[in-house]
Amino acid sequence: MAKLIAALGVAHAPGVTGWIDKSPQHEQDAVLAGYAEFARRMDELKPDVIIGVANDHLLNFSLDNVPDFCVGLGDDWAGPAPWFKDWLNVPDYTITGHRELGRALVRDAAKAGINHAFADQLLFDDNWSVPLKFLFPRYEPRFVPIHMNPIVPPVPSAERCLAVGAQIARTVAAFPSNERVVLMATGGLSHDPGGKDYFTVHEGFDRWFMELLEGGDLGRVRQELTFDKLLTGGDGGAGELLAWIVAMGAAAECGNAKAESVFYVPSVQMRCGMGGSYWSLD
């Protein structure tokens, strides 16, 4: 059977590829070192498959019709979407999909009372273009993207995200292959794109959130991580951290709910708290 060998949450801010050179040198060095550490770990693990969970950013779905989660079933994926190419400064890339695993994720979730949308075609923006460039620069693993809605109320609760993550872990464990799988959640930390806090990083919120993951207390996550609490990290931005809670749910199902905080940089120039958390499951 397949095996979930790691889960992670990492920021996907477009400034990392688009305008990092405008940041102070110490911030550039710290952010790039953080991504390099994730890349080192991925190179060491050599996963066969990446399951990704990230904000759709209303790129594929309209404001009045956005699913909580949409699993990508395509045989191949390409990015970035045309509008984002100049902004992201990421070369065109393709990555192979995994239709069979994607279908299993949809099917098994439905049996467990969790209904996901699914699609053969999805556009990619910074949600995948930034982390794939740094963590998997050769685009070698197969990829199953899961686009989620963490910004348009009603968004999935923390409890729901934990349940979705746990079900992903169960599906992977039951999948008939010997593939090694990593669950990669992207988005956050605190930011408010185009809002009143666009030039503000809420460092206190970010450190609270990462410490929450370090503690591994699922009951506390369910109680404290409300949508109102997420709004204190940035309206329209910090909600992306619900993807990290999906990763936490999967890690907990595999026996390790406590995350390691790999790096954190409060970068006003990149308009985002930059950081990453990691769950070792191998």
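Rings of Phe, Tyr and Trp (for Trp, the six-membered ring) pair if their centres lie within 6.5 Å; planes under 30 degrees apart count as stacked, over 60 as edge-to-face and the rest as tilted. This is a predicted model, in which local features need pLDDT of at least 70 and side-chain atom pairs count only at pLDDT 80 or more, while totals for chains, interfaces and linings use all residues. Residues are numbered from 1 along each chain as its sequence is written, and side-chain values use heavy atoms, with hydrogens and water left out.

**Exercise 1: aromatic rings**

Find how many aromatic pairs the ring rule gives, and classify the pair of Phe-84 and Trp-87.

Solution. Step one: the rule gives 15 aromatic pairs. Step two: the ring centres of Phe-84 and Trp-87 are 6.0 Å apart and the planes stand at 45 degrees, so this pair is tilted. Step three: look at accessibility, where buried means under 20% relative accessible area, exposed over 50% and partly exposed in between (1.4 Å probe, protein chains only). Phe-84 has 11% and is therefore buried; Trp-87 has 36%, so Trp-87 is partly exposed. Step four: ring pairs also link a cluster of Tyr-35, Phe-38, Phe-134, Phe-263 and Tyr-278.

**Exercise 2: helices H2 and H5**

Describe how helix H2 and helix H5 cross and which residues meet.

Solution. Step one: helices (H or I, at least four residues) and strands (E, at least two) are DSSP runs, numbered from the N terminus. Here H2 covers residues 25–45 and H5 covers residues 126–135. Step two: two packed helices are described by the angle between their axes and the distance between the axes. Axes are lines fitted to C-alpha atoms, for helices over the stretch in contact, and angles run from 0 to 180 degrees between N-to-C directions. The axes of H2 and H5 come within 8 Å and cross at roughly 65 degrees, so H2 is roughly perpendicular to H5 (under 35 degrees is roughly parallel, over 145 roughly antiparallel, 65 to 115 roughly perpendicular and the rest oblique). Step three: with contact meaning heavy atoms within 4.5 Å, Leu-32, Tyr-35, Phe-38, Ala-39 and Met-42 of H2 meet Val-130, Phe-134 and Leu-135 of H5.

**Exercise 3: Ile-151 and its surroundings**

Place Ile-151 in the chain and list its contacts beyond four places in sequence.

Solution. Step one: Ile-151 sits in the loop between strand S7 (142–148) and H6. With 23% relative accessibility, Ile-151 counts as partly exposed. Step two: leaving aside neighbours within four places in sequence, Ile-151 is in contact with Asn-55, Leu-58, Phe-227 and Gly-236. Step three: Ile-151 and Phe-227 are 76 residues apart in sequence, with 9.3 Å between their C-alpha atoms. Step four: Leu-58 belongs to the loop between strand S2 (49–55) and strand S3 (69–72), and has a positive phi of about 60 degrees although it is not a glycine. Step five: the loop between S7 and H6 also holds Pro-154, and the peptide bond from Pro-153 to Pro-154 is cis, with omega near 0 degrees.
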